[in-house]
Each structure stands twice: as C-alpha cells, then as structure tokens.
Amino acid sequence: MMSIPVSTRLANLARRSCVRLLSTRQQQQNDERTCDYERFYSYPPEPGFVKNSPFENINIPNCTIDQYVWSNLREWENRVAAVCGITDRQYTYAEMRDHSAALAVRLQKMGYKPGDAIAVCIPNFPEFPIAALGALEAGLVVTTVNPIYTPEEICRQLMDADAKFIITTVDRFDAVKEACALTKTTMRIATIRHRATEILPEGAIDFAELINPHGVDFSALLRPNTTIEDIAFLPYSSGTTGLPKGVELTHRNITSNSEMLKAKTDGVPIVHETTKDFQDVLPCVLPFFHIYGLTVTLLSKLALGCKIVTLPRFHPDSFLNVMMKYKGSVLHLVPPIIIMLGHNDKVKPHHTESIRIVMSGAAPMGTPDAERFTARAPGAEFVQGYGLTETSPVVLMSCVGSKKYAAVGHPVPNTQAKVVDLSDPTRTGLGPNTVGELLIRGPQVMRGYHNRKEATDEMLLEDGWLRTGDLAYYDETDHFYITDRLKELIKVKGFQVPPAELEELLRDHPKVADAAVIGIPHALSGEVPRAFIVAKKGNEVTEKELQEYVAGKVASYKRLDGGVEFLEAIPKSATGKILRRELKQKYCS
C-alpha cells in the first residue's frame with residue numbers, strides 16, 4: 001500500500017522520467033560545487049601528543065545531506081533502497097527519490113519555511129528516510145523523537161525544538177496527540193500506516209498522500225538557500241551531564257562523517273558500493289532516531305546504494321528471520337545484541353553465513369563476547385567504533401579484521417584525538433598508556449547545543465576540541481581504549497539515560513525528599529538505573545511503588561530495573577553536587 005506500486009508500462013516510464021529529471025538537476029547542482037578540505041583542517045601545531053588518523057584524508061562534501069544521498073542515484077535507481085523486515089513492503093531508490101521530493105513540495109505548500117523544525121517520531125520503517133530526506137530537501141530541520149517516549153517526554157522535546165509538524169505511526173498517534181496538546185500549540189500530525197489493515201486515526205494526515213508523487217509539479221519545489229553549515233538534524237543528548245539537550249548537527253557534520261565511514265584498511269572498506277552485480281544488505285535494528293542508526297546504518301549507506309532492511313524493534317526471532325531471508329552482509333550492532341546472539345541457541349550457520357562485517361559501537365565490547373559471536377559467524381570480521389551524538393557520531397574506528405576487541409580503534413579520517421590530564425587547564429596531550437579525558441577535533445563535531453550556550457561552552461573549547469567526558473588512553477600502536485566515564489550518563493542497551501532526569505522525577509513524588517540515580521552493571525543491558533532515596537519524614541514508600549511510579553512516566557529503558565535503596569542522606573559535595581562515585585563504591589562494589 002505505502003509504496004504505491006506501478007502496474008503499467010506507462011506509469012513505469014513516467015516514474016523513471018521523473019526520477020531522471022530530478023537526478024539530472026541534482027547532478028548539475030553537484031557539478032557546480034567543490035569539495036573543501038584545507039578550510040577545515042589547517043590546525044596550528046600544539047604541544048603534547050595529538051593523534052591524527054592513520055586513514056587517508058577525505059574531501060568534505062560541499063552539498064546538503066539530501067544532495068549527498070541522491071548524488072549517484074542513476075547508478076542504482078531500480079535497486080531496492082529499503083524494505084520492511086516485518087511486512088515486506090519496499091521502495092526502490094527511484095520510488096524513494098520520488099516520494100521524498102513529493103513530500104518536500106507538499107511541506108512547502110503547507111507553509112513550512114526554511115529552518116522550521118519538524119519532528120519524526122517513528123520506529124525503523126522504510127518511510128523514515130523518506131520523511132527525513134523530504135524535510136531536508138524542503139529546507140527544514142528534523143528533530144528525531146524516540147517513539148516509545150511518553151507524552152510528557154515527547155512534549156518536552158517538541159517544545160524545546162519548537163517543532164511545527166510531527167510524523168508518527170497509527171499505534172503512537174494517541175500519545176503524540178496528547179503530547180501536542182500539552183505543548184498548548186496547534187500542531188498537525190501525519191500518520192504512517194504500517195499495515196494495510198490499520199485505520200487512519202481521526203484528525204491525522206495520511207502520510208501516504210503526502211508522499212504520493214502522482215500529480216505533483218516538481219518544478220514548484222523551491223530550493224532553499226541551505227548551506228552545509230546550516231542545521232539539518234536536532235537529535236537529543238544529555239552531553240556530559242544534565243537533562244537532554246538538542247544537538248545541532250549540520251549538513252557538513254553528517255556528510256563528512258558519512259565519508260569518513262568509507263575509510264579503507266588495506267584497500268578493504270566496511271561497505272562496498274553497489275554495482276549492477278552486487279548490493280550490500282544491512283538489517284537495521286539500531287533505531288534511526290538515534291544518531292548511530294541515523295548516520296551509520298541509514299544515511300551513509302543509502303548514499304552507497306545499499307539495501308536497508310528495517311526492523312521496528314529488536315527481537316531475536318524476527319532478526320534471525322531477516323538474516324535468513326535477506327542474507328544480511330553488514331551488521332551494525334551494540335554489545336548487548338552481540339552478547340545475546342553469541343548465547344542464543346537458535347543462531348544457526350544459515351543465519352550467519354552471509355555476514356562479512358560486524359561493526360560494534362555505543363559501548364565497550366569484551367574480547368570473550370566478540371570471540372563467542374565470531375565463532376558462530378566464522379566469515380565475519382569485526383570493526384569497533386566509538387562516538388557521540390555530538391560528533392555525528394563516529395570519531396574512532398578500528399581497522400577491518402582487528403583482533404583488539406577491547407580497543408575502539410584510531411581517529412577516523414580528518415579527525416584528531418588527544419588524552420588530557422583532568423587537572424591540566426592547558427589540556428596538553430598525554431603520552432601512551434596514561435589515562436585522562438578524551439578530546440576530539442574534526443568536521444563531524446556539532447555546532448553546539450540548541451539554546452544552551454553555557455552547556456555548549458563547557459563542551460566545546462575555543463580551539464575546536466570537544467570534551468567527550470570519557471576517560472581513555474591509547475597504547476604504543478595508537479589504539480584507543482575507553483576505561484570509564486566522567487559524564488554521568490547511564491548507557492542502557494546503547495541508549496542514554498541522564499540520572500538528572502530520573503532524579504527530578506523522583507523528587508516530584510510526594511513521599512520523596514531527595515534522590516540520586518546511578519548506573520549499575522547488567523549482563524544484557526550493559527547498565528541499568530538504580531535509585532537511592534531519602535523518604536520524607538513520616539512517610540513510608542516502597543521500592544515497588546517508586547518503580548511503578550517511574551515506569552508510568554518514562555520510556556521502558558529508563559525504568560529503575562537496578563532497584564531502589566533507601567538512605568538517611570544522599571552523599572554530596574560542599575557545593576551540593578551528588579557524589580555518584582561514592583555511591584557506586586559504597587553500595588555497588
């Protein structure tokens with residue numbers, strides 16, 4: 001239903017004519033542009049140890065993200081771009097290009113202006129890239145929203161991003177509608193029907209109609225004067241501490257990071273560009289609303305003509321079915337999924353025989369876990385990666401086939417890294433095997449936090465370095481290792497959980513006087529939140545009561561699955577800062 005299948009020769013010719021017209025115009029625009037490298041990387045020498053990338057430098061694409069993705073469209077327009085791993089509905093590259101352009105035209109006709117923000121609150125559906133690329137082509141900013149958020153969480157992001165329009169799904173329409181009502185603004189909601197049997201909710205705009213290319217005058221598309229320095233995406237991250245903040249990622253940030261991911265080791269890339277005889281297949285379980293899923297598994301791979309197989313959520317059975325049916329060749333995963341697959345007895349050779357590359361990110365990977373997985377996928381090579389939402393995301397990446405599973409690799413192309421002493425205000429780089437804070441510099445580093453100048457100034461230094469908030473070191477071969485976090489974020493299955501958000505929520509409970517939240521280790525999730533509570537005098541409150549209270553107000557991965565412990569007082573510094581390390585040492589060691 002959603003892909004609007006073409007059933008006649010005339011319709012096929014019309015569609016191809018439309019795509020070729022769009023791609024020809026696109027190529028003409030690209031031909032007028034140049035790639036710029038020196039402009040961004042003429043850093044003056046500085047004292048200390050600064051590590052450069054061992055990979056070959058890239059040129060920075062001087063075009064917007066949508067132009068970048070479609071730049072080689074004519075090479076694979078009839079190939080499948082995205083297919084749903086659950087329903088099997090699919091879009092070819094030609095169809096996806098048409099639908100995106102149609103959406104761009106209609107968003108402009110609806111009155112949305114360049115720089116306006118729209119929210120995309122959908123799981124991994126084939127329509128996700130259509131929504132994102134169509135909005136970008138119209139000159140809009142896309143803020144990606146976790147679809148399992150509660151109405152309160154969605155509302156908070158919509159208001160902070162000043163979103164004007166939102167795209168969601170039938171099953172999330174009521175929550176999104178409630179969130180829009182909480183913003184006290186009039187916001188239109190477009191809704192995707194995942195299955196043909198789903199009924200469009202009353203008051204919703206049919207997304208299928210917005211992207212239908214039939215009858216669209218593509219010459220009416222107004223090309224906004226968007227530059228590569230303009231904001232493209234506004235995902236939300238907590239940085240080193242605090243509540244979620246909008247991360248201003250520009251077109252340059254995303255396209256340069258996409259180019260960096262094409263780095264070759266001894267001539268071997270992670271993903272091969274599509275040809276008439278070959279197409280890499282990527283089963284995508286990492287959510288597209290998260291920067292890892294957005295840049296690494298989606299946009300950078302569409303630009304190479306890969307086949308994206310979408311899974312709206314991870315479930316072992318559906319993932320293995322996709323692997324068997326579509327023969328996934330490149331997997332982008334997080335350690336909890338790799339660990340689960342390494343232990344799951346249902347994983348058989350026919351599930352893993354097609355795997356060529358597995359890239360792991362979002363959390364450290366232990367050597368035994370990696371080896372257990374590769375024993376089941378003997379033809380697979382591992383690649384480790386490290387990054388942040390604030391860096392679009394990848395800044396460190398290992399060479400294909402590296403057996404140093406505990407390492408997160410080297411700086412990616414055009415990127416510099418250094419490790420600095422926490423007490424050194426000059427932030428001079430330290431030598432090998434010395435632990436300090438990891439700093440990063442490169443074209444993928446964000447423009448800043450949305451409407452958060454103080455937080456931006458704390459994270460971004462004047463000389464272009466970004467503070468990661470992670471403790472790290474590098475060895476004699478310049479492999480980097482992450483040892484701990486300065487930042488307070490809890491990483492649950494790769495998702496960020498800011499303790500401050502849960503603490504604020506707990507302190508709103510009528511029986512709670514004070515609260516602190518930390519992450520504790522968990523075999524499958526990596527970490528889970530654990531709360532320490534000071535109850536109000538004269539009040540009795542139970543662990544179950546607080547767990548249920550929190551569960552009703554946050555996404556499932558933010559729940560207090562690490563338990564609740566009651567204290568007489570929360571340990572704090574003289575300035576009132578919660579001493580989380582003391583809590584970990586005293587109660588969790």
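Two strands count as paired when DSSP finds at least two bridges between them. Keep that rule in mind as you explore this predicted model.

**Stop 1: a hairpin**

Select residues 466-474, which are strand β21, and then residues 480-485, which are strand β22. These two strands run antiparallel and are joined by five bridges. Now colour A472: which residue of β22 stands opposite A472? Click across to β22 and you will find I482.

Next, follow the chain through the turn of this hairpin, where five residues lie between the strands.

**Stop 2**

Strands in a sheet pair through backbone hydrogen bonds, and they can be parallel or antiparallel. Show β13, β14, β15, β16 and β17 together: these five strands form an open sheet in the order β13-β14-β15-β16-β17, with mixed pairing. Which strands are at the edges of this sheet? They are β13 (330-333) and β17 (410-411), each of which pairs on one side only.

Zoom in on residues 394-397, which make up β16. Strand β16 runs antiparallel to β17, and two bridges join them.

**Stop 3: two backbone details**

Stay in this region and select S392 and P393, which are joined by a cis peptide bond with omega at about 10 degrees. You will find P393 in the loop between β15 (381-387) and β16.

Then move along to R427, in the loop between β18 (416-420) and β19 (436-441). What is the phi of R427? Its value is near 55 degrees, which is positive in a residue other than glycine.

**Stop 4: where two domains touch**

Now zoom out and give each domain a colour: the domain assignment has domain 1 at 86-225 and domain 2 at 497-588. Taken over C-alpha atoms, the centres of these domains are separated by 36 Å. Even so, turn to the place where they touch: six residues of domain 1 are in contact with eight residues of domain 2. Between them the two domains bury about 500 Å², and 42% of this is on carbon and sulfur atoms. In domain 1, highlight I148, T150 and E153, the residues that lose the most area to domain 2; together they account for 60% of what that side buries.

Show side chains at this interface and look for charged partners. How many salt bridges cross between domain 1 and domain 2? There are two. Five residue pairs are also found in polar contact across the interface. By class, the side of domain 1 that touches domain 2 has two nonpolar, two polar and two charged residues.

**Stop 5: salt bridges**

Select R156 and E501, which form a salt bridge with their closest N and O atoms 3.4 Å apart. Then select K558 and E153: here too is a salt bridge, and the closest N and O atoms are 2.9 Å apart. K558 is in the loop between α16 (543-551) and β27 (564-566), while E153 is in helix α5 (residues 151-161), so this pair ties together parts that are 405 residues apart in sequence.

To finish, show the salt bridges throughout the model: a search of the whole structure finds 28.

Definitions and conventions:
Residues are numbered from 1 along each chain as its sequence is written. This is a predicted model: local features need pLDDT of at least 70, side-chain atom pairs count only at pLDDT 80 or more; totals for chains, interfaces and linings use all residues. Side-chain values use heavy atoms; hydrogens and water are left out. Helices (H or I, at least four residues) and strands (E, at least two) are DSSP runs, numbered from the N terminus. Domain bounds come from an automatic or database domain assignment. Contact means heavy atoms within 4.5 Å. Buried area is the accessible area (1.4 Å probe) that two parts lose on being put together, summed over both. A salt bridge is a side-chain nitrogen of Lys or Arg within 4 Å of a carboxyl oxygen of Asp or Glu. A polar contact is a pair of N or O atoms within 3.5 Å; within protein, one must be able to donate a hydrogen and the other to accept it, and residues adjacent in sequence count only if both atoms are side-chain atoms. Ala, Val, Leu, Ile, Met, Phe, Trp, Tyr, Cys and Pro count as nonpolar, Asp, Glu, Lys and Arg as charged, and the others, Gly among them, as polar.
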